[in-house]
Amino acid sequence: MAAYPTVSAPYGLKPVNLIGGQVFVGSTRNFPIQYNYGTTIFYGDSVSLTAGYATLTTYPVNSTNTTVGTFLGCYYTNPTTKQRQFAQYYPGNVLAGDITAIVSDDPDVLMKVAATTTAGGTTIGSVSSILVGANIVGGTQTGSTTTGNSSMSIVSASAAGASTAGFRVVSLVPDTQISISCTYVSGGAAAATSVVVSG
């Protein structure tokens, strides 16, 4: 019998499916990145459009800082070798006029993402099934230049349903779900009623 997998660190946004049970087949769209754009974008980061160019989304993602999709790599002409280069992440300050971001931008795509306890940390947190259908905020972590992968997360401690939260919890990831016991207390100290439930 195999053990349930554990999540050791946040890993960015990973497209896994489409709303309504449609299959995600890896369709993407290309967007230009501006010459010498100075911000690193990692595989799995959310990106926005600024004057027609793909840019790292300014967090938190909300009605002001909107996202167009998830960054899934890029390519450009290497200014040193003059050869076409495909990259897991955009390193920033590339002196090329053909930098192209590969973006998953289907509005129906569902993303898998880890929850962390704070916006900038990497300590894995948890999200209750009570939050399914509610909104939650995104983290502000920086990805790894070793792997090229994002470290973005959602923040489990964020206020559920906040209008400024940019992500909707559609479901929990079944492979990493666990059940724990918790106690609900109702009433004041003198007349408290406690109920122990499985959550």
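User: How far from the centre of the ring of Y11 is the charged end of K14?

Analyst: The charged end of K14 sits over the ring of Y11; this label needs NZ of Lys or CZ of Arg within 6 Å of the ring centre and within 35 degrees of the ring normal. This is a predicted model: local features need pLDDT of at least 70, side-chain atom pairs count only at pLDDT 80 or more, and totals for chains, interfaces and linings use all residues. Residues are numbered from 1 along each chain as its sequence is written, and side-chain values use heavy atoms, leaving out hydrogens and water. From the ring centre of Y11, the charged end of K14 is at 5.0 Å.

User: How many strands does the chain have?

Analyst: Helices (H or I, at least four residues) and strands (E, at least two) are DSSP runs, numbered from the N terminus. The chain has 0 helices. Its elements run β-β-β-β-β-β-β-β-β-β-β-β-β-β from the N terminus on. The strand count is 14.

User: What share of the 199 residues is buried?

Analyst: Buried means under 20% relative accessible area, exposed over 50%, and partly exposed in between (1.4 Å probe, protein chains only). By that rule, the buried share of the 199 residues is 35%.

User: How far apart in sequence are the parts tied together by Y37 and Y90?

Analyst: The whole structure holds 3 aromatic pairs; rings of Phe, Tyr and Trp (its six-membered ring) pair if their centres lie within 6.5 Å, and planes under 30 degrees apart count as stacked, over 60 as edge-to-face and the rest as tilted. Y37 and Y90 are stacked, at 6.1 Å centre to centre with 25 degrees between the planes. Both Y37 and Y90 are buried. Y37 lies in the loop between β2 and β3 and Y90 in the loop between β6 and β7, so the pair ties together parts separated in sequence by 53 residues.

User: What is the angle between the ring planes of F42 and Y89?

Analyst: F42 is buried, with a relative accessible area of 4%. F42 lies in the loop between β2 and β3 and Y89 in the loop between β6 and β7, so this pair ties together parts 47 residues apart in sequence. The two rings are stacked, 5.2 Å centre to centre. Between their planes the angle is 15 degrees.

User: Which residue's side chain makes a polar contact with the side chain of S48?

Analyst: S48 is found in strand β3 (residues 46-50) and is buried at 9% relative accessibility. Leaving aside neighbours within four places in sequence, S48 is in contact (heavy atoms within 4.5 Å) with residues including Y53, A54 and T66. A polar contact is a pair of N or O atoms within 3.5 Å; within protein, one must be able to donate a hydrogen and the other to accept it, and residues adjacent in sequence count only if both atoms are side-chain atoms. At 3.0 Å, the side-chain partner of S48 is T57.

User: Is K82 buried or exposed?

Analyst: K82 is found in the loop between β5 (69-77) and β6 (84-87). Its phi is near 65 degrees, a positive value in a residue other than glycine. Most residues other than glycine have a negative phi. With a relative accessible area of 59%, K82 is exposed.

User: What separates the C-alpha atoms of G133 and V169?

Analyst: G133 lies in the loop between β9 (115-116) and β10 (135-136) and counts as partly exposed at 46% relative accessibility. Apart from neighbours within four places in sequence, G133 is in contact with R168 and V169. G133 and V169 are 36 residues apart along the chain, and their C-alpha atoms are separated by 5.4 Å.
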